[in-house]
Amino acid sequence: MSDRRTQILDAAATLISERGFTSTSVDDVIKGAKLSGKSHFYHYFKSKEELGYEVLNRQFERFAERGLAILREPMIDPLERLNLFIDAVVALQSESGGRRGSPFGNLAAELADAHEGFRVRIEAVFERWASQIRSLLWEARPQLHDDVDAVRLSRFIIAALEGAVLMTRVKRDLSVLEGIAADLKRFIAMHVRDGAAMQHNRAVE
């Protein structure tokens, strides 16, 4: 990816995070990326929608690289990986003081009913995220109660984190996210068999 293209994507991501996709114009992106004009912008992107799709994809790839990669780390116990992933979500939000929220949740709230192209892509983002957590839960199956539904639990984890990030952005208080993250860990621990939970606690210690 060229430096100029990266510069445009970075400027667009910042503007969309602050204003929303609808309220961010091509002219805003041109100004934010310090381009010479619209012809310069359209050299890299055919439309505002194409830019938005690439911003969404790039943000998810960054999230996958920094957050979801933890879920696939083979040398760490799967349930400990899940706790580390929750910690990573908190850490990512702390970098902005909890003010930017989730790029996926923000776009979903703004565009899921108004823009089918974004709805489909955001659905795919959440499904990729859920599939990673489902895979981890299946790996941890021997440690979990027999009645644990990996599909439902993975969706609950995502919903809890996305809701916590949204509340943190509204309250402008990172402790909201930190508290919900701790509660989420305790909720997940309720699905762990007693013996497995003891072994897990000893391994962590």
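How many helices and strands does the secondary structure of the protein chain come to? It comes to 10 helices and zero strands. Helices (H or I, at least four residues) and strands (E, at least two) are DSSP runs, numbered from the N terminus.

This is a predicted model: local features need pLDDT of at least 70, side-chain atom pairs count only at pLDDT 80 or more, and totals for chains, interfaces and linings use all residues. Residues are numbered from 1 along each chain as its sequence is written, and side-chain values use heavy atoms, without hydrogens and water.

**View 1. The protein chain.** Along the sequence the pattern is α-α-α-α-α-α-α-α-α-α. The C-alpha atoms fill a box of roughly 65 × 30 × 30 Å, taken along the principal axes. Of the 205 residues, 43% are buried (under 20% relative accessible area, 1.4 Å probe, protein chains only).

**View 2. The largest pocket.** This pocket holds about 630 Å³ of space. Of its 24 lining residues, the closest to the centre are Gln-59, Leu-92, Gln-93, Gly-101 and Pro-103. A pocket is an open set of points on a 1 Å grid over the protein atoms alone, where a 1.4 Å probe fits, with protein on both sides within 12 Å along at least five of seven lines; lining residues have an atom within 4 Å of a point. The volume is the space filled by probe spheres set on the points, which are joined across faces, edges and corners.

**View 3. Helices at the pocket lining.** Two or more lining residues come from each of α1 (3–19), α4 (48–66), α5 (78–94), α6 (103–111) and α8 (150–171). Helix α4 gives the most, with five residues.

Definitions and conventions: Buried means under 20% relative accessible area, exposed over 50%, partly exposed in between (1.4 Å probe, protein chains only).
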